[in-house]
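Work through the exercises below with the sequence and the model open. Try each task before reading its solution.

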Amino acid sequence: MAILYRRWEEPKSIFGDLMVITFLMTQCLDGVFTYLGVNIWGPSIEANPLICSAMALGGVVAGVASAKAVAIGLGILLHLRRVHNLVAALTAIYFTAAILPWTAVFLAH
């Protein structure tokens with residue numbers, strides 16, 4: 001478990017750059033999928049209660065955009081702290097828990 005939050009000693013890392021770009025693309029893709037899903041099927045399709053609350057408070061666009069902005073900001077902060085393994089793990093988890101389910105929903109309908 002300690003390997004996830006171990007800081008890399010190299011100031012520049014191709015792996016870290018690739019992971020943060022993949023993380024950013026995953027967040028943007030999830031934002032687009034969430035927006036499309038909510039517009040097609042309504043807000044009950046969103047499974048994340050934090051996103052649902054944000055959408056209820058500020059609307060779909062503002063709720064999704066603010067949630068994605070926070071996630072992207074925290075991911076970039078981890079990248080700047082050179083915790084690339086954690087960024088990679090979060091990207092994999094997010095891809096598995098958000099992108100794949102949205103893709104399955106879109107393909108099923």
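**Exercise 1.** How many helices and how many strands are there in the protein?

*Solution.* Start with the source: this is a predicted model, in which local features need pLDDT of at least 70 and side-chain atom pairs count only at pLDDT 80 or more, while totals for chains, interfaces and linings use all residues. Residues are numbered from 1 along each chain as its sequence is written, and side-chain values use heavy atoms, with hydrogens and water left out. Next, take helices (H or I, at least four residues) and strands (E, at least two) as DSSP runs, numbered from the N terminus. The protein has 4 helices and 0 strands. Along the sequence the pattern reads α-α-α-α.

**Exercise 2.** Find how the axes of helix α1 and helix α3 cross, and classify the angle.

*Solution.* Step one: locate α1 at residues 14-41 and α3 at residues 60-80. Step three: apply the classes, where angles under 35 degrees count as roughly parallel, over 145 as roughly antiparallel, 65 to 115 as roughly perpendicular and the rest as oblique. Therefore α1 is roughly antiparallel to α3. Step four: list residues in contact (heavy atoms within 4.5 Å). Among them are F23, L24 and D30 of α1 and V64, K68 and I72 of α3.

**Exercise 3.** Which side chains meet in a salt bridge, and which helices hold them?

*Solution.* First apply the rule: a side-chain nitrogen of Lys or Arg within 4 Å of a carboxyl oxygen of Asp or Glu. The count is 1 salt bridge. The partners are K68 and D30, at 2.8 Å from N to O. K68 belongs to helix α3 and D30 to helix α1, so the pair ties together parts that are 38 residues apart in sequence.

**Exercise 4.** Are K68 and D30 buried or exposed?

*Solution.* K68 has 8% relative accessibility, so K68 counts as buried. D30 has a relative accessible area of 5%, so D30 is buried. For the whole protein, 29% of the 109 residues count as buried.

Technical notes. Axes are lines fitted to C-alpha atoms, for helices over the stretch in contact, and angles run from 0 to 180 degrees between N-to-C directions. Buried means under 20% relative accessible area, exposed over 50%, partly exposed in between (1.4 Å probe, protein chains only).
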